[in-house]
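Okay, thanks for coming, everyone. Let me put the structure up, and then I'll walk you through a sheet, the domains and the contact between the chains.

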Amino acid sequence: MERTHLLNLLWNQQNAQGFISQSAITEIAKLLKISTIEVEGVITFYHFFHQKPTGKYIIYLNNSIISEFKGFREVKTTFEKETGCVFGKYDNNPLFSLFETSCIGLSDQEPAALINFYPFTDLTPEKVISIIKDLKNNIPIKTIADNPKSKIQYIPEDDKTVFFKDYTPGNSINKLKENNADSILKTIADVNLKGRGGAFFPTALKWQACKKNSAKTKYIICNADEGEPGTFKDKILLMEFPDLVIEGMIIAAFVVGAKEGIIYLRAEYKYLLPKLKETIHNFYNNNYLGDKILGINNFTFNLKIQLGAGAYVCGEETALIESLEGKRGEPRIRKYFPTDVGYLGKPTIVNNVETFANAARIIELGADYFKNIGTEKSKGTKLISVSGDVAKPGIYEIEWGMTVKELLQLCQATAPNYVQITGPSGECINETEFNRKICNEDLTCGGAIMVFNKFRGIIKILENFTKFFRSESCGVCTPCRAGNQILFEKIKKLKKGLCTSTDLQEIKDWGNIMKLTSRCGLGKTASNTFSTATEKFSDYFKFKILSENENQNVEFDMESAIQDFDSIIKDNHH
Amino acid sequence: MKTVTFKIDGRVCTTKKGKNLIEAAKQNGVFIPTLCHFKNRNPLGTCRICSIKLNGRSIAGCTIQVDEGMDFEVNSTEMLDARKAILEMMFVEGNHFCPSCEKSGDCAMQNLGYEMGIRYTRFPHLFVDRLVDARPERIVVNQNRCIRCKRCVEEVKTKDGYTVFNATNRGNETVIGIDYKQEAKLSEVEAERAMEICPTGSILVKGKSVAKPFGQRKYDYGQLGETIPFNKTKINHTNGNKKIVATTSLAGCFGCHMSLLDVDLGLLDLLEVIEFNKSPITDIKKFSKHCDIGLIEGGCCNTDNIEVLRAFRKNCDILVSVGECAIWGGLPANRNTIPLEECLKEAYLNSMTSEDNETCIPNHEDIPKILNKVYPNHEIVKIDYHIPGCPPNANHIWSVVKNILFDEEFSIAYPEFKYD
């Protein structure tokens with residue numbers, strides 16, 4: 001059997017047994033003709049796979065910073081109290097297992113949890129009590145799960161809307177009949193569409209590179225592994241306009257001559273699976289997928305969905321490809337572009353959900369439609385997920401060029417002080433930058449804006465981010481794996497109040513080394529927010545650090561250094 | 001194959017097109033350090049210690065195939081420092097107690113430490129407690145020393161093509177796991193090769209780990225036990241103003257002081273230009289003068305060490321950490337991976353010689369309290385210089401002191417600087 005089946009084989013075991021047993025590992029290894037340590041390597045990489053028995057209900061509570069500020073702690077303790085279990089422990093409770101998890105794409109409805117991958121939103125201690133009671137009474141989980149709302153809060157005027165306007169399935173791909181690959185590429189290039197996952201690589205260039213490759217087999221992959229904390233715009237697209245996304249993929253396939261496509265859906269969005277499958281089914285029925293699509297000769301395109309298993313780094317395109325190949329999601333070295341050597345060594349296009357949807361709209365509406373929307377270099381609109389200290393969290397379709405201030409007004413932010421652009425891997429801005437425009441010329445934004453008011457502790461935000469990177473690093477390269485641990489030591493020191501201006505300088509210097517030497521985008525961006533925050537919020541940090549002392553003693557917490565000894569002596573004398 | 005021209009730090013170099021940069025640089029006389037790279041193999045790009053800049057963008061050198069017109073920045077201040085920082089990260093991320101490591105002298109990482117001139121690490125040591133796995137048939141894997149370069153993952157295969165090692169877990173918990181079943185298939189020779197390609201002391205072969213005598217190891221330059229004669233102290237400062245030196249041993253073994261005395265008769269020359277104040281050598285217990293320089297051996301493991309160290313800071317213009325214990329904790333820091341309670345109970349209550357209810361953990365207001373871990377001196381007070389070694393060579397110590405006190409230039413020969 002092919003290695004590419006590994007993730008699904010593991011999912012089968014996980015779903016059937018609640019964990020992946022040693023004997024199952026041996027069997028899978030035998031089936032794939034690989035050693036058991038390779039299977040274990042994959043299992044332990046993804047946090048939704050377990051090697052020890054779990055309860056009937058596995059509860060994953062989101063621990064993102066938004067959740068933390070909206071009552072994570074109370075909800076967590078209530079879960080523990082009601083179930084009698086402890087988070088992160090395999091305690092052989094037949095009913096429940098509790099785990100924390102990184103952002104699950106419900107930042108506008110936090111605190112949120114997944115129970116057996118069904119979403120539960122806006123949790124409060126009371127709600128948790130009732131959920132656990134219902135589950136104990138064997139009430140089917142499907143009936144009590146929440147239907148996550150698509151909070152679309154803002155759409156520009158009719159003639160400027162791109163995503164959230166009327167949609168008729170097939171409108172976009174029907175245009176393929178009167179076009180050829182080159183004319184489509186030209187239209188995409190005219191609008192200057194850039195990758196919406198956050199890297200903003202020109203889409204037409206990527207497609208062109210893949211098209212040029214003479215290989216027979218090529219792949220189109222939709223990156224629906226939306227893991228950047230605070231981002232949930234792709235989820236809304238997959239919920240509301242899955243057809244649009246698939247049409248975008250079909251267009252890409254038409255351009256580059258690919259016959260197979262895969263949607264890599266993060267496991268956190270498993271509840272979107274039925275609708276996605278149904279959509280694909282309808283596409284086949286309408287001859288939008290399969291052989292001789294729309295009657296075009298030699299145009300074959302088949303589409304399937306691969307479920308991830310919980311790993312932020314798989315959002316990086318080469319890590320995603322590795323994951324699809326049934327391996328640990330470790331980003332590849334930058335020797336080849338995926339458009340030359342991608343999935344199974346074949347030319348591959350990996351694009352974000354929003355990019356495909358946008359491409360479909362561009363073909364449907366024509367390049368002229370976009371002429372007057374956006375800025376000089378950023379044409380069209382952008383989907384932004386807004387969360388945090390705002391009255392109206394949710395999705396905003398904004399015209400490129402809108403200022404942060406305008407957006408903050410739209411979402412009714414209260415006393416905004418610290419705004420995180422794109423998520424932890426992006427950048428933070430302070431009040432003086434609220435006039436900056438959201439577009440590629442000024443403030444690039446991958447799709448999330450988290451707003452924090454002046455009562456939120458910045459160190460707490462940075463601690464959450466650093467912890468996130470520390471555990472989500474793939475662990476392959478030294479600067480990212482070790483660097484994030486070392487930066488976390490600085491957070492601990494800051495929290496104890498032992499830092500001086502030397503420490504703040506070191507945070508910047510060390511962060512820069514990670515940026516210089518890390519293997520992929522995760523490590524290169526992980527330190528960015530931390531090091532810039534110390535400058536942009538210098539007034540805040542001024543009160544968090546000590547002045548250098550004259551007698552050249554380094555700040556040292558003697559009390560905590562002897563605390564262990566004192567308590568041991570105390571315990572042993574009783 | 002076509003010859004191409006490229007630049008390293010502005011210098012024009014030539015090589016065959018498509019040659020790996022590490023090899024191409026070597027051909028042209030430029031050394032780029034690596035730990036994961038193998039000649040003629042697919043690059044791994046894991047250790048990142050070969051980070052350089054290509055046309056202004058930083059990238060791992062081992063992943064580059066040289067092409068016409070490429071412009072590399074290798075030995076700029078920025079990149080030299082970045083590479084050194086990565087090696088320092090490796091040292092703090094695991095437990096690298098070279099004096100007690102079987103691989104010492106055969107260790108690529110240790111050697112690189114010397115090559116790159118690492119005296120101390122700018123980062124705090126993390127002191128991890130990972131698995132030392134002796135369950136495999138022939139191999140022992142010490143996770144504490146592993147830098148996760150993945151050489152073994154890629155290179156060690158069974159005859160029927162199965163991998164023996166593979167990375168497990170993720171993030172800061174990533175470790176290299178071993179497949180017992182596949183490992184058992186390895187021949188003695190294959191197992192020894194695994195040990196050899198491991199750039200640290202993480203993979204050892206049972207019964208073979210110390211087979212090669214010290215002094216004959218790959219990176220040994222001097223013979224074991226070879227003494228290096230002390231350079232005569234010729235100092236022109238005869239104006240009668242002797243410089244004042246203080247020394248102390250905190251959580252150390254006095255080995256650095258023994259080394260200090262290794263200057264033998266040279267000490268007499270030294271005494272013409274320096275005077276000892278508080279020091280075990282003079283047995284002066286309290287500072288009676290302000291000193292020019294303080295030499296500290298050992299780190300801080302109890303409250304008394306901290307008091308002494310702070311007194312030194314107050315009474316000395318310049319403080320020097322001498323030896324590994326002073327610099328980062330050294331051998332006493334072996335205990336930093338174990339909770340204090342376990343250490344004390346093992347030592348005083350549960351040891352072979354202690355009898356039930358007869359012994360207790362010493363505790364009195366007159367004896368210092370044990371700290372939760374051993375701290376390096378620079379985490380307590382500002383330290384001006386670090387002299388690495390276990391112990392540092394006498395020549396080395398006095399050359400540094402003379403340089404600091406009398407501005408004397410000095411150079412240290414390779415064998416003087418190597419301690420394994």
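This is a predicted model: local features need pLDDT of at least 70, side-chain atom pairs count only at pLDDT 80 or more; totals for chains, interfaces and linings use all residues.

Before the sheet, a word on pairing: I call two strands paired if DSSP finds at least two bridges between them. Strands here are DSSP E runs of at least two residues, helices are H or I runs of at least four, and both are numbered from the N terminus.

Residues are numbered from 1 along each chain as its sequence is written, and chains are lettered from A and ligands numbered from 1 in the order in which they are written.

So, the sheet in chain A. What is the order of its 6 strands? It goes S5-S11-S10-S14-S12-S13, an open sheet with mixed pairing. At the edges sit S5 (152-154) and S13 (427-429) of chain A, each pairing on one side only. On average, neighbouring strands are turned by 30° against each other, ignoring direction; axes are lines fitted to C-alpha atoms, for helices over the stretch in contact, and angles run from 0 to 180 degrees between N-to-C directions.

Look at S10 (381-388) and S14 (448-453) of chain A: they run parallel, joined by 4 bridges. Val386(A) is opposite Ile449(A) in S14(A). Packing on this sheet is helix H10 (233-240) of chain A, which touches S5, S10 and S11 (394-399) of chain A. Its direction makes about 115° with that of S10(A). Contact, by the way, is C-beta atoms, placed from the backbone, within 7 Å.

Zooming out, chain A is assigned five stretches: domain 1 (3-45), domain 2 (57-144), domain 3 (154-370), domain 4 (381-453) and domain 5 (461-542). Those bounds come from an automatic or database domain assignment.

Over to chain B, with 13 helices and 17 strands. Its C-alpha trace spans about 75 × 65 × 35 Å along its principal axes. In chain B, 70% of the contacts with a separation of 6 or more are between residues 24 or more positions apart.

Finally, where the chains meet: chain B puts in 58 residues and chain A 49. Which element gives the most on the chain B side? That's H2(B), with 7 residues. Other elements giving two or more include helix H9 (303-315) and strand S16 (370-375) of chain B.

How values were computed. Two residues are in contact if their C-beta atoms, placed from the backbone, lie within 7 Å.
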